[in-house]
Amino acid sequence: MNEIVKVPFKLNVDQLVDQMKIRSGMLEEFTDLVKLVEASACPKVMIREAFIEEHGEGFVVINGVKFTSAALRHNLEGIGRVFAYITTCGREVEELPVDPKDFVLGSWLHYIKLDLLKNCFPVLHTTVKTRMGVEKLSSMNPGSGDASVWPIDQQVGLFSLFGDVEALIGVRLTESFLMSPDVSTSGILFPTDQEYKNCQLCHRENCPNRTAPFNLKLWEKVNG
């Protein structure tokens, strides 16, 4: 059964103004946007307990869905239960009446949506840790790391674990397997003794979002 949590949030206007370097002449307009978001936004977390039914050569079967990924197979060795998840800033804020041609307002709104999404992760991790009775969790996400690590087209299989995701929480897949709203994440959380991060299997140099260095030993272990 899916568990859907509406995530509480409070936007800190002063902090956002400082982080985004909003000029004093635009402060009123920015504050009005924040108020509009606060009145409408509903970030959400959807979680699905799932069971690994088969470990194969470079694939795993989870709740009847086959996922082809040597890295996922490696990370789920010896694990029988995982939690699939989708987090989102929410369709409500995506549909606010902001002129798509207004670059300034659009960039402000995108940053605010990222701030909304950040509120989802503590809720997600606390919920899953409680369900699994574990202290350490790691996550894998389709399309993260090198393209071959867990191909982004397997978002389709991940979404199928939940049923009609768009009807449930307003998130849909585009033709290129990206999510809309774009400020959303999806993946599988699993218990681990040794933390795993997608960046460990990513060759992309000088990535501003890198959270861990490339791990050659792990790459060789995963890819044989």
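Lys-66 lies over the face of Phe-59, 4.4 Å from the ring centre. A charge counts as sitting over a ring if NZ of Lys or CZ of Arg is within 6 Å of the ring centre and within 35 degrees of the ring normal. Keep in mind that this is a predicted model, where local features need pLDDT of at least 70 and side-chain atom pairs pLDDT 80 or more, while totals for chains, interfaces and linings use all residues. Residues are numbered from 1 along each chain as its sequence is written, and side-chain values use heavy atoms, with hydrogens and water left out.

Next, look at rings that meet other rings. Rings of Phe, Tyr and Trp (its six-membered ring) pair if their centres lie within 6.5 Å; planes under 30 degrees apart are stacked, over 60 edge-to-face, and the rest tilted. The count here comes to 3 aromatic pairs. One of them joins Phe-30 and Trp-108 edge-to-face, at 5.3 Å centre to centre and 85° between the planes. This pair links distant parts of the chain, with Phe-30 in helix H2 and Trp-108 in helix H5, 78 residues apart. Helices (H or I, at least four residues) and strands (E, at least two) are DSSP runs, numbered from the N terminus. Phe-30 has 0% relative accessibility, so it counts as buried; buried means under 20% relative accessible area, exposed over 50%, and partly exposed in between (1.4 Å probe, protein chains only).

Phe-30 also leads us into the largest nonpolar core, which has 33 residues, with Phe-30 and Val-128 among those with the most contacts inside it. Such a core is a set of buried Ala, Val, Leu, Ile, Met, Phe, Trp, Tyr and Cys residues joined through side-chain atoms within 4.5 Å. Helix H5 gives the largest share of this core, 6 residues.

Now follow Val-128 to helix H6. Val-128 touches Ile-47, Phe-83, Leu-137 and Leu-189, leaving aside residues up to four places away in sequence; contact means heavy atoms within 4.5 Å. Which residues of H6 are buried? They are Cys-120, Val-123, Leu-124, Thr-127, Val-128 and Met-132. These residues cover an arc of only 145° around the axis, which puts them on the same side of H6; the arc is that of the directions from the helix axis to the C-beta atoms. An α-helix has 3.6 residues a turn, so residues three or four places apart point the same way. Just after H6, Gly-133 takes a positive phi of about 65°.
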